[in-house]
Amino acid sequence: KKTSAAAAAEAYQAEGTGETEMEDVLERMRKKYASSAETAAKAEEDAAAASAAAAVAEEDAAISDDPNKLGAMAMEAMLCGDMERYEELTRRLERAQAALAKEPAEGEVPRGATVRTTATGVKVIEELDSTGRNRALKESVHTTFVRLKGRNKRGTANAVPGKGGNLTGYFEDDDISLNDLLKKEKIEGVQDYDANLSEHILKKGAKFKMLHEDEDEAYALGWYEHSSKKMDAKKLDEKQRRQQIRDKQRIQVNLEHCTRCMDSKRFGRKDAIASMAEHTYLCMDGMNQCIVEGQCFIAPIEHIPAVTDMDDPVWTEIRNYQKCLVRYFEAENPPRAVIFAETVNHRVSRDKAMLGAGPHTFITAYPVDLGLLDEVRAFWKKALDEVESEFEVQHKKVIETDARSGVRGKVPKNFLYVHADFSMGGGFAHVIENSAEFPKDFVQHTIAGMCELTILDRAYPDRESYRAATEDFKKRFGQGFDWAQALKPK
C-alpha cells in the first residue's frame, strides 16, 4: 500500500500532466483558427484588389481614348504616387494625341463632321455653324413664324386671340411656353433684329412702305424676324445645306491664306520654330522683319484675332513663353531686356471670325540693351501720345497695364489696340480710333527709333546669317529655358 504522501504526489503529477495536455490542445486550436482567419483576411484583400482592378479597367474602357480624361487620370495617378499607372496612362494619351493629329485618309470623315450628298458629289460638312453652335441642335428647336399655307401668309394680326375659329395668337408660334423660349434662346442665341429689318428693307427695295402709326403695327413684327423663320422645312433645309457647303469652303480658303496657321499652305516657318506647346508656339521672326538680333514672336496655334479673345489656357502658355524669353535674354552676355508688342489693327465680324477670316494675332519679342529699359517708358508714352490726332481720340491715349493681366485687364474685347509690355513689368496700351490712318509699322518704327536705327536697317544681312542665328537660338533656348520641353516625358 502506498503511503498518503506518495498518493498525493502521484495525484499532483497527474493533475500537472492534464494541465499541460490542455494547454497543448488550446495552442493547436489557436493556431488552426488563426491560420483560418489570416487565410480569410487574405482572400478578402485579394477580392477587394481584384474588384478595384476590375473597376479601374472598366473605367479605363469607359473613357476610351479621350485625351482630356486620360490626361486628368494620369495627373491623378501621379499625385497619388501610382507611377506604374501614370506611365501606362501617359502612353495611352500619347497614342490618342497622335491619332487625333493624324490627318484623315481619303474617304474618311473627320471628327465632328457629317456627310451630305449633293448633285456634284459628296461634301463633308462641319457640325458647327459660323456662330459656333451645333447645327442639329439648332434645327431641333426651330419654329415657323408665319402661316405657310392659305390666303393669309403674314399672320393673323387682325384677329382677336380666343375669338372665332381656333385662333390662339397673332402668329404661328405664339403658343410656345416660357421654358421653350428660354431653351430656344440658349441654343439659337439672340437675333439681331436691326440687321433683320435692314435685310427685309433691302429685299423689298422700292416696294417697301413704312406703316403709319395709326395702322396695326402687328404686321410689322415679321419684318424683324429672320428670313429662315418664314420658310417651310424643305426650302429651309436646302438653304442650310448650301450655306454649310459655302461655310466649309470659306474656312478652307481663309486658313490657306493665313501665313501664321501651321496647317496653312502659306506657312513657311517650320524650320524657324523654336518651341511648340499644346496651344501656342515660339518662332523666329522673318529675315525681312528682324530689326534686332534674336527677334522672335509668340503666336497661338488656333486662328485667334487678338489676345483679348483668347481662352485662359492659351494666355497662360503665352505668359510662360514670355517669362522664358525674359530669363533667356537676361542670361546673355551682355544681358538684354525684352519688349513684347502686339498690334490689332483690323477686325472682322464674329461670323467671319468663326470661319477663319481676319488676322492671326502674334506677340513680337524685341530684345534691346538693358540700359534702355529705364527710359523705354518715357519713349513709348511720347510715341503713343503723338500717334493719333487729339481731335480723333475718344479714349484715353495711354492706358497703363500691369504685369499680371496685361492688356486683357484693361482693354475690352473687340477693340482695336496696340500694346507694349516691358520685360513682364507692365506696359502701355493705346486704343486705335482710326485704323485706316494708324501707321501699319508703328511698333517697328518705335523700336528702331529707340535703338537709333533707321527703318531700313535689318539685323541679318543675308539668308545664311539668318539661318545660323535661327539654329543658334533654337539650340540655346532649348538648353534649360524652354518650359514646354521641360514638361515633355523623357
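The model is predicted, so local features need pLDDT of at least 70 and side-chain atom pairs count only at pLDDT 80 or more, while totals for chains, interfaces and linings use all residues. Residues are numbered from 1 along each chain as its sequence is written, and side-chain values use heavy atoms, with hydrogens and water left out.

**Overall make-up**

- The protein has 13 helices and 10 strands; these are DSSP runs numbered from the N terminus, with helices (H or I) of at least four residues and strands (E) of at least two.
- Of its 490 residues, 35% count as buried, a term that means under 20% relative accessible area, with exposed over 50% and partly exposed in between (1.4 Å probe, protein chains only).
- Among contacts (heavy atoms within 4.5 Å) between residues at least 6 apart in sequence, 66% join residues at least 24 apart.

**Nonpolar cores**

- A nonpolar core is a set of buried Ala, Val, Leu, Ile, Met, Phe, Trp, Tyr and Cys residues joined through side-chain atoms within 4.5 Å.
- The largest such core has 75 residues, and those with the most contacts inside it are Leu282, Leu325, Ile339, Trp380, Phe442 and Phe473.
- Helix H8 supplies the largest share of this core, nine residues.
- A second, separate core of six residues includes Met73, Ala74, Leu93 and Ala96.
- Leaving aside neighbours within four places in sequence, Leu282 is in contact with residues including Tyr321, Leu325, Phe473 and Phe477.

**Helices H8 and H12**

- Helix H8 (residues 312–330) packs against helix H12 (residues 463–477) at an angle of about 105°, with the axes 11 Å apart.
- Axes are lines fitted to C-alpha atoms, for helices over the stretch in contact, and angles run from 0 to 180 degrees between N-to-C directions.
- H8 is therefore roughly perpendicular to H12, a label for angles of 65 to 115 degrees.
- H8 contributes Tyr321, Cys324, Leu325, Tyr328 and Phe329 to the contact, and H12 contributes Phe473, Arg476 and Phe477.

**Lys413 in its loop**

- Lys413 lies in the loop between strand E8 (399–401) and strand E9 (417–422).
- Lys413 is exposed, with a relative accessible area of 54%.
- Apart from neighbours within four places in sequence, Lys413 is in contact with Thr308 and Asp309.
- Lys413 and Asp309 are 104 residues apart along the chain, yet their C-alpha atoms are separated by 6.2 Å.

Definitions and conventions: Parallel < 35°, antiparallel > 145°, perpendicular 65-115°, else oblique.
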